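Welcome! Please keep the sequence and the 3D view at hand as you read.

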Amino acid sequence: MALRHAVLAALLDGEYSGYQLAKAFDIGVANFWHALPQQLYAELAKLEKDGLVAGRHVVQETRPNKRLFHVTEAGRAELEAFAAAASKPSFIRDDLLVKVQAADRIGTASVIEQLDGRARAADAKIEQLGALLRQLRGACDEEEFLLHGERIGPYLTCLRGLAFETEHRDWCRRIASVLRARQRPGAGA
């Protein structure tokens with residue numbers, strides 16, 4: 001997947017300025033695709049040049065003028081072609097896993113500290129995703145929203161993000177606990 005597809009998918013919810021797109025990415029899309037604001041601005045320019053998004057200037061009296069972008073029909077066709085193409089299997093690429101792999105040979109104190117930090121970060125992300133899920137479904141309960149909600153895609157990706165963060169947090173806590181137990185005098189190996 002290219003960044004362009006993630007940007008096009010995010011713009012399906014309406015017109016966004018580059019700033020608003022960066023905020024939308026940070027809240028919802030970031031759980032499956034990370035991009036810096038500078039990358040988003042550059043991608044918007046490429047997408048506009050390719051005719052996949054269109055921008056318009058909005059004059060504001062008390063603030064700087066801004067540009068709002070929306071997906072064009074060509075952009076929708078690009079997304080449809082992307083959705084129809086086979087997806088590659090996902091994989092994990094995480095430097096913390098390399099550190100855990102080597103922990104019993106290099107020492108565990110700093111690895112445990114990083115695992116604890118990752119667990120705390122996952123807790124914060126879990127809270128954020130939970131709030132976003134509640135916001136997306138409004139007054140509906142989850143089952144009703146899943147069956148009848150107007151825009152289901154962002155909700156489903158947030159559910160995946162929540163499951164990922166929950167499992168990641170639990171794994172970090174378990175591995176930190178295992179490494180702590182192995183540090184105690186008398187612990188095996």
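## Leu-115 in its helix

Let's begin with Leu-115, a residue of helix α6. In this predicted model, Leu-115 has a relative accessibility of 0%, so Leu-115 counts as buried. Setting aside residues up to four places away in sequence, Leu-115 touches Leu-96, Val-100, Trp-171, Cys-172, Ile-175, Ala-176 and Leu-179.

## Helix α6 from end to end

Helix α6 covers residues 109–137, which makes 29 residues. Just after α6 comes Gly-138, which takes a positive phi of about 60°.

Which residues of α6 are buried? They are Val-111, Ile-112, Leu-115, Ala-119, Ala-122, Lys-125, Ile-126, Leu-129, Gly-130, Leu-132 and Leu-133.

## Where α5 meets α6

Helix α5 is made of residues 95–106, and its axis comes within 10 Å of the axis of α6. The two axes cross at roughly 145°, and the crossing is left-handed. On the α5 side, the contact is made by Asp-95, Leu-96, Lys-99, Val-100 and Ala-103. On the α6 side, Val-111, Gln-114, Leu-115 and Arg-118 take part. Sorted by class, this contact has 5 nonpolar, 1 polar and 3 charged residues.

## Helix α8 and what covers it

Now move along to α8, a helix of 31 residues.

The buried residues of α8 are Pro-154, Tyr-155, Cys-158, Gly-161, Glu-165, His-168, Arg-169, Cys-172, Ile-175, Ala-176 and Leu-179. What covers them? The cover includes α5, α6 and α7.

## An aromatic pair

How many aromatic pairs does the count come to? The count comes to 1. The rings of Phe-145 and Tyr-155 have their centres 4.8 Å apart and their planes at 55°, so the pair is tilted. Phe-145 lies in helix α7 (residues 142–148) and Tyr-155 in helix α8 (residues 153–183), so the pair ties together parts that are 10 residues apart in sequence.

Are these two residues buried or exposed? Phe-145 is buried, with a relative accessible area of 6%. Tyr-155 is buried too, with a value of 0%.

His-57 sits in strand β1, residues 53–58. With a relative accessible area of 62%, His-57 is exposed. Leaving aside neighbours within four places in sequence, His-57 is in contact with Lys-66 and Arg-67. The C-alpha atoms of His-57 and Leu-68 are separated by 6.5 Å, while these residues are 11 residues apart along the chain.

Thr-72 is found in the loop between β2 (66–71) and α4 (73–84). Its relative accessible area is 17%, and Thr-72 is buried because the cut-off for that term is under 20%. Beyond its neighbours within four places in sequence, Thr-72 is in contact with Gly-51, Leu-52, Val-53 and Ala-54.

Methods
Residues are numbered from 1 along each chain as its sequence is written. This is a predicted model: local features need pLDDT of at least 70, side-chain atom pairs count only at pLDDT 80 or more; totals for chains, interfaces and linings use all residues. Side-chain values use heavy atoms; hydrogens and water are left out. Helices (H or I, at least four residues) and strands (E, at least two) are DSSP runs, numbered from the N terminus. The expected span of a helix is 1.5 Å times one less than its number of residues. Buried means under 20% relative accessible area, exposed over 50%, partly exposed in between (1.4 Å probe, protein chains only). Rings of Phe, Tyr and Trp (its six-membered ring) pair if their centres lie within 6.5 Å; planes under 30 degrees apart count as stacked, over 60 as edge-to-face and the rest as tilted. Axes are lines fitted to C-alpha atoms, for helices over the stretch in contact, and angles run from 0 to 180 degrees between N-to-C directions. A crossing is left-handed if the near helix is turned anticlockwise from the far one by less than a right angle, and right-handed if clockwise. Contact means heavy atoms within 4.5 Å. Ala, Val, Leu, Ile, Met, Phe, Trp, Tyr, Cys and Pro count as nonpolar, Asp, Glu, Lys and Arg as charged, and the others, Gly among them, as polar.
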